[in-house]
Amino acid sequence: MSDTPLHFKTITEIAELLSSKKLSPVELTTIMLERIEQHDGRLKSYATVTAEHAMTAAQKAEQEITTGNYRGLLHGVPIAVKDLCFTKDVRTMGGAKVLENHVPKFNSTVVEKLEASGAVLLGKLNLTEGAMGGYHPEFDIPINPWNPDRWTGSSSSGSGVATAAGLCSGSIGSDTGGSIRFPSAACGIVGIKPTWGRVSRYGVFALAESMDHVGPMTRSVADAGIMLEAISGSDTNDEWALKEPVPNMLEGIDRGIKGVRIGYDENYAAKDVDAELAEAISNGVKLLQELGAEIIDVGIPDLDEYVLAWPTICSWEAVKAHAKCYPSHREHYGPWFQGWLDMGAEVTPAEYQNAHKLRTECTEHFSRVFQDIDVLVCPSMAKPPHKVTPELLYGPKETRPPWFQRFTAPFDYNGAPTLSVPCGINSEGLPLSIQFVGKHLAEPLLCQVGHAYESATSWHNLHPDI
């Protein structure tokens with residue numbers, strides 16, 4: 001067992017302590033709640049801390065473990081969920097002022113599955129309004145623990161901050177255009193965007209239903225696999241939830257990557273990409289080859305036209321998702337998201353149809369790329385976390401250049417699984433991130449590749465000094 005402080009230990013390390021009764025869930029939960037109390041007033045990752053609920057769950061877990069009823073690797077482990085996920089009798093606001101009094105009468109499926117695994121829910125995590133780009137002016141903005149002046153990765157920002165700062169052992173985020181990958185990269189943690197439909201979205205506020213994904217954010221690849229396995233599976237309440245059996249995400253994780261065909265397009269991975277990040281990705285590819293992977297040159301076309309179709313699709317679908325509140329309560333939305341909904345309301349059926357045509361073309365390009373490879377490697381995002389300003393945080397909405405979502409939107413289009421893993425620290429002390437993209441339902445292989453890379457490096461062991 002490492003000498004890492006308890007709040008920074010991985011889920012696998014904590015599970016060993018809990019299952020062997022060297023640590024009690026009540027003791028661990030108390031420590032984590034005290035840490036939240038000590039640090040989150042500054043970091044602002046939590047929208048709601050469910051201390052009483054957490055202690056009750058911890059006491060139940062302790063009793064079960066003590067009597068030999070151990071449920072598995074998440075039993076007694078303190079986690080938190082993005083405040084898009086419905087929690088029974090606990091407010092779920094989605095970062096929106098118009099929803100600040102919304103108290104669900106049921107749990108989202110993802111919360112139900114986490115509680116069935118024995119996990120201890122510490123609370124709900126802050127996010128951008130409606131899970132888009134900006135925050136409501138009356139809501140807290142999570143602070144990047146690596147540098148308070150830098151971006152926290154947009155939508156699942158509270159999940160990224162809480163996980164990176166040791167205010168939970170793992171968290172749940174969502175990704176429609178990059179919102180698991182951006183905060184994972186910006187906060188120096190691991191994130192899995194699963195195959196679309198792998199995780200039920202029942203009881204999760206929608207942004208754009210055809211692209212919304214729900215997935216885990218953790219401090220190690222194995223931890224992400226553990227959480228993903230727990231929350232995956234079919235759901236009669238979600239017609240789009242996949243019915244395929246849920247595999248053991250950790251089976252073969254230590255198998256190595258000899259013979260795994262990994263695609264790499266140097267131009268795609270370096271064009272409009274920060275120089276230090278591009279070098280870190282190139283070094284990562286060399287390491288993967290040293291570990292036995294077969295590196296295959298692939299050709300990825302210019303994606304700019306395809307990426308620029310994303311706002312049309314997302315904003316149009318966001319208007320449908322918010323039909324109960326927009327436009328009837330338009331004035332209650334903040335400037336950023338209000339502008340986003342206004343834009344979506346102006347999208348014509350022909351424009352939406354054309355955007356989907358571009359989406360399909362983009363997906364077809366990547367289908368051809370994956371004919372000869374198992375995994376694609378590229379950055380998680382093009383630049384290190386940028387400096388933030390009130391205009392960027394609150395709006396009005398900004399127009400993002402194509403490079404901003406070049407490594408994210410295509411895989412929300414096609415629903416392919418991705419894994420983001422820390423791959424360096426730049427000259428400003430900010431984290432860098434490498435992304436592995438797989439074929440549909442290939443999350444176990446992604447965990448295998450990511451774990452091999454992670455085991456040969458030490459970036460995931462670095463933590464912000466808070």
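Let me start with a definition: buried means under 20% relative accessible area, exposed means over 50%, and partly exposed is in between, with a 1.4 Å probe and only protein chains considered. Hi everyone, and thanks for coming. What you see above is a predicted model, in which local features need pLDDT of at least 70, side-chain atom pairs count only at pLDDT 80 or more, and totals for chains, interfaces and linings use all residues. Residues are numbered from 1 along each chain as its sequence is written, and side-chain values use heavy atoms, with hydrogens and water left out.

First, the whole chain. It has 16 helices and 11 strands; these are DSSP runs numbered from the N terminus, helices being H or I with at least four residues and strands E with at least two. The C-alpha trace spans about 60 × 60 × 45 Å along its principal axes. For 466 residues, a compact globule would have a radius of gyration near 23 Å, and the chain agrees with 20 Å; that radius is taken over C-alpha atoms, and the globule rule is 2.2 Å times the number of residues to the power 0.38. Buried residues make up 61% of the 466. As for contacts, meaning heavy atoms within 4.5 Å, 78% of those with a separation of 6 or more are between residues 24 or more positions apart.

Now to helix H16, residues 443-455. Its 13 residues reach 18 Å from first C-alpha to last, close to the 18 Å expected at 1.5 Å a residue, where the expected span is 1.5 Å times one less than the number of residues. How many of its 13 residues are buried? The count is 11, so H16 is mostly covered. Among them are Leu446, Val449, Gly450 and Tyr453.

Those four names come back when we look at Phe436, in strand S11 (residues 431-438). Phe436 counts as buried because its relative accessibility is 0%. Leaving aside residues up to four places away in sequence, Phe436 touches Leu446, Val449, Gly450 and Tyr453, and its other partners include Leu288, Val375 and Pro417.

Last stop: Thr195, in the loop between strand S5 (190-193) and strand S6 (213-218). Is Thr195 buried or exposed? Thr195 is buried, at a relative accessible area of 3%.
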